[in-house]
Amino acid sequence: MSTVTEDKTPKVDAKMIPIYLMGKRYEVPETLTIMKAIEYAGYKYIRGCGCRGGVCGACATVYRKPGDYKIRTGLACQTVVEPEMYLTQLPFYPAIRATYDFSALKGVPEEIFALYPELFRCVACNACGKVCPMDVEVMDVIAAIKRGDIAEAAQISFDCIQCGLCASRCMGELPQYHIAQLVRRINGAYLTPRAEHLKTMVANIAAGRFVDGLTELKGLDAAKLRDVYSAREMEPATAGEDWTPKNNSYL
Ligand code: SF4
Ligand code: SF4
Ligand code: FES
């Protein structure tokens with residue numbers, strides 16, 4: 001983050017509350033997320049901000065509240081400020097990622113053990129699960145990997161957004177999220193059945209089936225393109241697996 005000169009006039013009719021950013025006190029509207037409060041205080045994000053929607057993992061934040069010994073964690077874009085919060089962001093937390101040629105892997109647990117032998121330093125303290133903003137049961141992920149159950153580890157870690165908070169609290173100094181990412185890649189590449197409909201779609205693309213439709217769309221001006229977009233037939237929320245649009249000339 002860096003500071004910039006900005007108009008700090010409140011844009012919303014909200015009560016102002018004090019928060020502390022890296023030790024310095026600021027008054028911010030109580031309705032803001034930590035991310036917006038930091039910007040309101042005059043900082044500009046250079047790192048530590050991506051999607052602003054809770055999915056990219058760039059905005060890991062740690063904070064304490066008055067009278068509470070516990071360190072708390074969250075995503076700055078999702079967590080609303082509270083009075084007297086002492087906070088800072090961790091736009092990056094150092095964790096060693098193993099180097100590997102993915103195409104040379106066979107997708108067996110022993111390869112994961114060799115790339116990340118620190119797996120076996122896990123002391124099952126569950127500090128990782130307690131800080132995870134996505135409620136991933138990180139300790140269970142590590143336990144599943146140690147058992148060689150790649151599919152289970154991939155499933156439990158599916159919601160991980162790579163924020164790095166688990167690694168920041170690990171007694172065994174594990175880079176849990178890098179390990180889990182490798183596991184999900186192996187699961188996707190080697191253990192999950194191939195999607196037949198994807199094969200069909202790729203073959204259709206290769207055969208040029210969508211060229212006419214795309215050429216037609218690319219030839220429209222912006223207003224006409226908007227009309228076509230607005231008039232498109234949308235999949236109903238209750239549609240079954242076999243739903244297809246009435247006009248399937250583009251499929
Ligand atoms: S598992 Fe770790 S890196 Fe993934 S979201 Fe949870 S705390 Fe963040
Ligand atoms: S914080 Fe580290 S040592 Fe503790 S359970 Fe999680 S991976 Fe294991
Ligand atoms: S900015 Fe992407 S998760 Fe917060």
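Is Lys130 buried or exposed? Lys130 is exposed, with a relative accessible area of 63% (buried means under 20%, exposed over 50% and partly exposed in between, with a 1.4 Å probe and protein chains only). This is a predicted model, where local features need pLDDT of at least 70, side-chain atom pairs count only at pLDDT 80 or more, and totals for chains, interfaces and linings use all residues. Residues are numbered from 1 along each chain as its sequence is written, chains are lettered from A and ligands numbered from 1 in the order in which they are written, and side-chain values use heavy atoms, leaving out hydrogens and water.

**View 1. A positive patch on the surface, made by Arg64, Lys70, Lys130 and Arg169.** Patch members have over 30% relative accessible area and no salt bridge, and like charges are joined within 9 Å. A salt bridge would be a side-chain nitrogen of Lys or Arg within 4 Å of a carboxyl oxygen of Asp or Glu. Lys130 belongs to helix α3, residues 127–131 (helices are DSSP runs of at least four residues, strands of at least two).

View 2. The whole structure holds 4 aromatic pairs (ring centres within 6.5 Å; planes under 30 degrees apart are stacked, over 60 edge-to-face, the rest tilted). Tyr26 is in strand β3 (residues 24–29) and Tyr43 in strand β4 (residues 43–44), so the pair ties together parts 17 residues apart in sequence. Tyr26 and Tyr43 are both buried.

**View 3. Phe113 and Phe120 also pair up edge-to-face.** Here it's 5.2 Å centre to centre and 75° between the planes. Phe113 is partly exposed at 21% relative accessible area, and Phe120 is partly exposed at 46%.

Conventions: Patches are made of residues with over 30% relative accessible area and no salt bridge: like charges are joined within 9 Å, nonpolar side chains (Val, Leu, Ile, Met, Phe, Trp, Tyr) within 5 Å. Accessible areas come from the Shrake-Rupley method with a 1.4 Å probe; for residues, only the protein chains shown count as cover. Lys and Arg count as positive and Asp and Glu as negative; His and the chain ends are not counted. The place of a charge is taken as NZ of Lys, CZ of Arg, CG of Asp or CD of Glu. Rings of Phe, Tyr and Trp (its six-membered ring) pair if their centres lie within 6.5 Å; planes under 30 degrees apart count as stacked, over 60 as edge-to-face and the rest as tilted.
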